[in-house]
Amino acid sequence: MNNIFDLNTTNLTSNTGLDYGLIQRYIPSYVREGSWQPWDPADGEPCPAGFTCAVIGDSSLGAFSCDEMARIAEEEFGFGNVLAGTWCPEGKDGVYNCPVGSYCPNTTTSITCPAGHFCPYKTLEPTFIGGAVKCDRCPEGAETKSLDRTAIDIIQIVAFLLLFVLLLGLILKRNRDSYKEQLKKQFRIRSKSQVQAIKREHDKYKRLQPKLEVIAQRLSKLQNNESNSSATSQDNSISMTSPRSLHDRKTILFINKDGDIIFHASKFFDILDKNNDGVLSFEEINAILCLEQSQLAAFIASMRSNLSTSDIEDPTKVSRSTFQKYFLTALANASQLQPTEEEAGEIFDVIAEEVGIITPGGGNGEIDSQQLFHSYLSTFLNDQQIYGIVSGFKRRIETNKRQTVTRSITNVAGQNVVISREDFVKCYPGFLSEVTNPHYMSRRATLLSIRGLDAQKQEGGLDVTFEDLTLAVQVGNIEKVVVNKVSGRLRSNTMTAVMGGSGSGKSSLLNALCGRAFYGKTTGKVFINGNESKIENHKSSIGFVPQEDIVYADLTVRENLIYAGRFYLPKGTSAADIEELADATMASLGLARIANSLVGDATRRGVSGGEKKRVNIGVELMKQPKILFLDEPTSGLDSRSAFVVMESLQRLCKQGMTVASVIHQPRTDIYAMFDSLFLLGVGGCTVYHGPALECKAYFQSLGHHLKEGDSQADWFLDISSGDIDAGDVEEIDRDENGGTIVGNSLIGHSFDSSAIHGNVELERETLLHNNASEVSSILKAQQNRELLYAQWIRYFDTIPLAKKEMYYLPPKSFELPVPVESVSAWRQLIVQLRRNCLLSWRNRVSRFVDFGIVIIAVFAITLLGGVDHKSFDYDPTKLLWISFISSDSDAAAFLQPQIFTYAYKGLNALSNYAMMVGLILSVLVGLNATKILTYNKLEFFREAQSGLNVTSFLIAASITSTLEQGVIAVVGALIAYLVLTPSSTYLVYLAYFLINTWLSVAWAHLLAIIVPIQSVSTVVAFFNAALGLLFCGKITPGLYTSIYSNPFLAVFSGIFSPLYFFVEGMCVSEAKCFPVQSGYTVSLNAFNFPNFKESYSYWYELTYMAHTDIEDALTHECEGWYWWVPAAIVVGLLIRLAGCIAINFSDRSKQGKKSLWTELTDSSESRVPLVVSGVLIFIAFYGLLALTCWLIVRKGPTPNLDEYGV
């Protein structure tokens, strides 16, 4: 065999064989004797054990001692014991890592790893320093690491949690099925109530039979008397004993073969209607009924609640049609009053039977007070009266100290009482008499004040008068007037309707009146209780109900009201008072029957549209406002639901509240409820303002005529829009300045006619290409409207002073409402957290789905792309050349790709895995975290308009999301740890998974605040993915070499990349557990370490992670590397503080707040606290920013060169 050995272009070979002496001349002097020996594969001898052999072509380089190579790297070059844990088996011509499951104390020996230890590749000895890992459950020679006892304990905990979750799931399923059944039951109850109503009617009439018999006898007697006194009607006389008399009695009262009672109310009416005018007075009716005073009042109230249109003019009378329909119902309701104890017992038995409680033989059963709202009592009592009865039983039980607290269906603490039959029979008649007293409602309002719910407020509603109220908004470069010098008054304890066509400024007027028109410029004078003031200075006395039903769909009716009370009621209001007020409000609005029903939305079944509208009103009533503004409360409701809503508002006025409502095309009976009317035309000008019942006469005086059968409200809207011409009215002219002249009087000065004229010009330009008839029609309508505006001004000037003082001018000044002390921000934070927990529980299925998706993603990435021990199995095979290295440049050329391959390849695999799992965790957690802000954003805006502390809201949302997503991070870290079985501790995975979550939630919330809601998901996903990857240290431009050489880039990466701390922390923590022979961690005998680090780019790139804390990062230990934990915590706080600033700056008009500039320039009262707050926020923000920068760019202790032998 030819031996050719060419080194530095010097021929070391000869034609006769290998010149060993020539080779040995090139071996450095530090190589110990006997380390190199001849070896020729042609001799058939394998490479000896403990030596590495090399062949180039057909030429042999001989064999070199592996032990000597390890010594040279450690002692001569000062690299440390980087070749420990390698061996050179016989027959192998290279250097190999000690195989997994064994340890190699020297290069010739491979010993099986003892039980209780796991020996990965390149293990020197079965100790931690030697590279082995303690493993209690690993058998001898284990090739895979078994879970240790700690991991087993963790698995047991996880198994227990999974079992708990499984059981919880079964319970939830049962609860969900129960809830579904409850929903079905609720709707069955509603359908069943129809069946029960029929049965109740039958039972009601059956109980009325004796009364109806008496009435029939009285009617017969009345007819007999009349026949005896009138000779002309002798043929028609009816005698009690004559067959004709008996026949007529039967026509009034008849019992069929099934026992059903048939009472002909029409016959009754005809007998009493002597004038044949189709109406009867209640006095005439009671002459036959002979009702007691309280029963008569209840009968009249029941009949009047159903008065038809024809009855409205004279509410003391009733028409034939109304009498025929509702007489029996009204009589039955009235007959329920003043019951005997025996009758009370019968009522209890009926209620007990309805709710499924059997009390055979009149046994002493018990019923829950909440069940009274669904019982027989609801047929003749309203919710407020039933609530009064329930309150009476509560007071009695409290007095006797026998109150029983029952578990409510809801999660909000509430107290129901259990009523026994004995107590019911004894107390019910008295409570019934109390709640059916005509003055009960006013006494109830007084009672609430006495009990402290309204102690800080005066009696009666707020009186608001305004003069020349104008609202202008900026549309592009044009200022558009939407409310044009409107004057008027909202009288205390009255209900005012605001009507007008599209574009008339109805909602804008409402916003200007209640101080929410911050999107424009409002001018004019406002008088509160006769005192000139600003309406926004009395926010605690103002309630505003938006057109949309903005309530929490996942809360019950009662919970929505209670949480509103906890936010809005004065500081110090007790929980009992809040709950009592919520119950009273539900009773007042007719919601007590559905108190424990979820409100629901389009995706979840809940209460009806009319009920949801009343919940919307009830939320605002929990503020106990003195004036309530409503924006189209009947929109989207059927006529019956709309009537119920407006009837509830009318009751509020009677209880001492001022109500102003935008209303669109109300039906006649709803319109009749309003005391005053504001009718606006296009451009926000007044067409009419005054008593609602006088509006018809006003327009008739202007020559307009209402067609028979047409709705007044629709007629008013047609007139205000200019679509109807007056019959005989004066023509409109203009003076030379553009003012309007009616007759000889210039009156255009009272409104901004230029705005109207501008609208005309705009319409003319818009319709330039339309046909002439369309242009003419629109211009004609505009002229009609201008005439209406002018006519109103002229009419107003002619109103007598006494009437102006009553309806239009400010009253004599009286006390302004006392401002209340709002709930503290800290208390609001606690309430927000409680509500968030309840909402999360209600959405637990969605939360579990989010949880499962993240866990599955982490598991899949860890399983498919995770790092195991095979990722580090890179052998430094060709190291024969180490014997010829004599300079640093030689070492750089020959040693870098060989000695440090193990650490470099393994660390690269670690960083790739950390980048993938961190990316998916960051994106999914960020998307989950946005839901708490985006799903309830409208509810947030509404509460902010009512004075909610938005900072408390965001902090609570951040805490809730961080905890929710933190649970995902804990479990995700556990899954990754169990699948990978890494060398580092679980605490490492836990810490950095939580850091990733902490930063991802912070950025998700900040972006959800400043980004339009439609784009939040896209922006959050893109931000976390793009910036997370680009500046995590692995991808240009955010490579570690660039980050650590540029402090600005380091700070930018630390703040804007959620993955930066995660990837580096995970990698360095695992790499620290590498033994010194890995080439990453450094032993104390590596005296050339500092020079080596700076000289060799390969190792320099490898260890450029953790450059600011290099000494700790290169120290061999497995407890983890937590250098970035303080920085990550502060960065998360900094981003959250930025979110708190952003939520106070963004969408201020939607939050019902003035712009910051307006607040700064408005008055010194608001300027000083605003400036102080701004300075404190500035200091806090830049203080955190400075601390963040320092924590990111700071450097740990520099390596102690003395320790490394330098």
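**A buried asparagine and a pair of helices**

Good morning. Please keep in mind that the model is a predicted one.

Where does N1024 sit? Its place is in helix α32, which covers residues 1016–1030. Leaving aside residues up to four places away in sequence, N1024 touches L919, S922, V923 and G926, and also S1000, W1003, L1029 and P1058.

Let me now turn to the protein as a whole. The protein has 1206 residues, and buried residues make up 52% of them. Its secondary structure consists of 41 helices and 32 strands. Consider next the contacts between residues at least 6 apart in sequence: 70% of these join residues at least 24 apart. The protein exposes about 54100 Å², and carbon and sulfur atoms supply 55% of that area.

My last topic is a pair of helices. Helix α14 runs over residues 557–568 and helix α16 over residues 609–621; their axes come within 8 Å and cross at roughly 25°. Angles under 35 degrees count as roughly parallel, and α14 and α16 are therefore roughly parallel to each other. The crossing in which α14 passes α16 is right-handed.

Which residues of α14 and α16 meet? From α14 come V557, N560, L561, A564 and Y568, and from α16 come V615, G618 and V619. The residues of this contact divide into six nonpolar and two polar, with no charged ones.

Thank you for your attention.

Methods. Residues numbered from 1 in each chain as written. Predicted model: local features only at pLDDT ≥ 70, side-chain atom pairs only at ≥ 80, totals over all residues. Heavy atoms only, no water. Helix = DSSP H or I, 4+ residues; strand = E, 2+ residues; numbered from the N terminus. Buried < 20%, exposed > 50% of the residue type's maximum accessible area, 1.4 Å probe, protein only. Contact = heavy atoms within 4.5 Å. Areas by Shrake-Rupley, 256 points an atom, 1.4 Å probe, with all protein chains shown as cover. Axes fitted to C-alpha atoms, helices over the stretch in contact; angles between N-to-C directions. Parallel < 35°, antiparallel > 145°, perpendicular 65-115°, else oblique. Left-handed = near helix turned anticlockwise from the far one by under 90°. Nonpolar A, V, L, I, M, F, W, Y, C, P; charged D, E, K, R; others polar.
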